[in-house]
Amino acid sequence: MEVAVNNTTDALVEVVLPGKVEPEGLEVRHGAVPVAGPGQVVIRMEATGVSFAEQQMRRGRYYDQPPFPFVPGYDLVGTVQSAGTGVDAGLVGTRVAALVKVGGWASHVLVDAADVVPVPAGVGAAEAETVVVNGITAWQMLHRKARIRTGQTILVHGANGGVGTVLVQLARAMGVHVIGTASPRHHDALRDQGVEPIDYRTPDLAARVRDLAPRGVDAVFDHVGAASTVRSWRLLAPGGTLVSYGSASTRDDEGSKQLPVLKILGRVWMWNALPNGRHAYFFNVWAGRALNKNRFRAQLRTDLSQVFAAVERGEVTPRIAARLPLARVSDALRLAESGTVAGKVVLTP
């Protein structure tokens, strides 16, 4: 039997990406609130956000996005409004987070109950939203891929960005030396966090890193792709790890959206075949879901809970660049794409 919070005034509001459009081309659609089926919950959205994935999707550049039209929104935080059969009725009325890839830019979102992660009472919706996809990405790259330890040195590209800000804070909390690339306007804020900042546009970036880490760095986290990936590999210390997790430099390119990722994967395969003790990964937060969904869900729940705990302890301070209502999604997308803000642009109902 379905457990529901009855509210006859509820109506679904969602943002639709109709095709390759400018931010102003996004459409708002109204409809009926979805009904939770067996094993599902309906989440009343309290906060969602703009990540780099949506910036790529509106250009048709995200490597596995669905066909147009669709509702974007990689993640969300909200209150469970109703639950279908087979779901613990105690979930109704609780605040949860969910990683969905698409569908988050809506007032109500239908999600498998097994995919939701409880949000601690002391963490607000907007604050939690900043560390869902960004936090799980940062945590898993740092701990499950690079396996960074106290006292090591890492290089974080885009240290002021959504993933970068969480990655920097998690690393500093465990006593890791961090070098971070960003535009000069963000350098003071990075220094305040104990980060050695470098202008990402400086032509001698590699030399600057070598000045700070003469033997190389123990890990590089690179979302830029293309030539940056090659340079990042060359900056590794013996036994170091490169974690590539995007191709931001190709965001505005034409042609195949899969090709930039395939090029990175090819390089990763080649580098890992070399007998030099270094390692390379292309990180995809969804990797492994198709092979073992239960394991994927267990890891996501464990790791995101660790991130929320770090927020509660004050080790990670959520970086909210701006809060805008869903009705102003085009302004939010423009702001996120401007490259002028630090942290995440959050959307509220």
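A residue is called buried here when its relative accessible area is under 20%, exposed when over 50%, and partly exposed in between (1.4 Å probe, protein chains only). By that rule arginine 59, at 16% relative accessibility, counts as buried. The model is predicted, so local features need pLDDT of at least 70 and side-chain atom pairs count only at pLDDT 80 or more, while totals for chains, interfaces and linings use all residues. Residues are numbered from 1 along each chain as its sequence is written, and side-chain values use heavy atoms, with hydrogens and water left out. Helices (H or I, at least four residues) and strands (E, at least two) are DSSP runs, numbered from the N terminus.

**Salt bridges**

- The structure holds 20 salt bridges, each defined as a side-chain nitrogen of Lys or Arg within 4 Å of a carboxyl oxygen of Asp or Glu.
- Side chains of opposite charge can pair when their charged atoms come close.
- One of the bridges joins arginine 59 and glutamate 337, with an N to O distance of 3.2 Å. This pair links distant parts of the chain, 278 residues apart: arginine 59 is in the loop between α1 (52-57) and β5 (75-83), and glutamate 337 is in helix α10 (residues 329-338).
- Glutamate 337 counts as buried, at 15% relative accessibility.
- Arginine 323 and glutamate 127 form another salt bridge, at 3.1 Å from N to O. Arginine 323 belongs to strand β15 (residues 320-325) and glutamate 127 to helix α2 (residues 125-129), so the bridge ties together parts that are 196 residues apart in sequence.
- Arginine 323 is partly exposed, with a relative accessible area of 49%, and glutamate 127 is partly exposed at 25%.
- Aspartate 303 and arginine 144 also meet in a salt bridge, 2.7 Å from N to O. Because aspartate 303 lies in helix α9 and arginine 144 in helix α3, the pair ties together parts 159 residues apart in sequence.
- Aspartate 303 is buried, with a relative accessible area of 2%, whereas arginine 144 counts as partly exposed at 34%.
- Through shared partners, salt bridges join Glu22, Glu24, Arg58, Arg59, Arg334 and Glu337 into one network.

**Helices α3 and α9**

- Two packed helices are described by the angle between their axes and the distance between the axes.
- The axes of helix α3 (residues 133-145) and helix α9 (residues 293-313) come within 9 Å and cross at roughly 100°. Axes are lines fitted to C-alpha atoms, for helices over the stretch in contact, and angles run from 0 to 180 degrees between N-to-C directions.
- The two helices are therefore roughly perpendicular to each other, a label for angles of 65 to 115 degrees; under 35 counts as roughly parallel, over 145 as roughly antiparallel and the rest as oblique.
- On the α3 side the contact is made by Gly135, Ile136, Trp139, Gln140 and Arg144, and on the α9 side by Gln299, Leu300, Asp303, Leu304, Gln306 and Val307. Contact means heavy atoms within 4.5 Å.

**Aspartate 222**

- Aspartate 222 is found in strand β12 (residues 217-222).
- Aspartate 222 is buried yet has no salt bridge, and the nearest side chain of opposite charge, arginine 231, is 6.5 Å away. For charge, Lys and Arg count as positive and Asp and Glu as negative; His and the chain ends are not counted.
- The side chain of aspartate 222 reaches the backbone nitrogen of glycine 225 at 3.1 Å.
- Not counting residues up to four places away in sequence, aspartate 222 touches several residues, among them His157, Thr229, Leu242 and Tyr245.

**Valine 178**

- Valine 178 is found in strand β10 (residues 177-182) and is buried, with a relative accessible area of 0%.
- Leaving aside neighbours within four places in sequence, the contacts of valine 178 include Ile154, Val168, Arg172 and Glu196.

**Backbone geometry**

- Most residues other than glycine have a negative phi, and most peptide bonds are trans.
- The peptide bond from phenylalanine 68 to proline 69 is cis, with omega near -10°. Proline 69 is found in the loop between α1 and β5.
- Lysine 101 has a positive phi, near 70°. Lysine 101 is in the loop between β6 (95-99) and β7 (108-112) and is buried, with a relative accessible area of 16%.
- Arginine 147 has a positive phi as well, near 50°. Arginine 147 lies in the loop between α3 and β9 (153-156) and is exposed, with a relative accessible area of 56%.

Key. A polar contact is a pair of N or O atoms within 3.5 Å; within protein, one must be able to donate a hydrogen and the other to accept it, and residues adjacent in sequence count only if both atoms are side-chain atoms.
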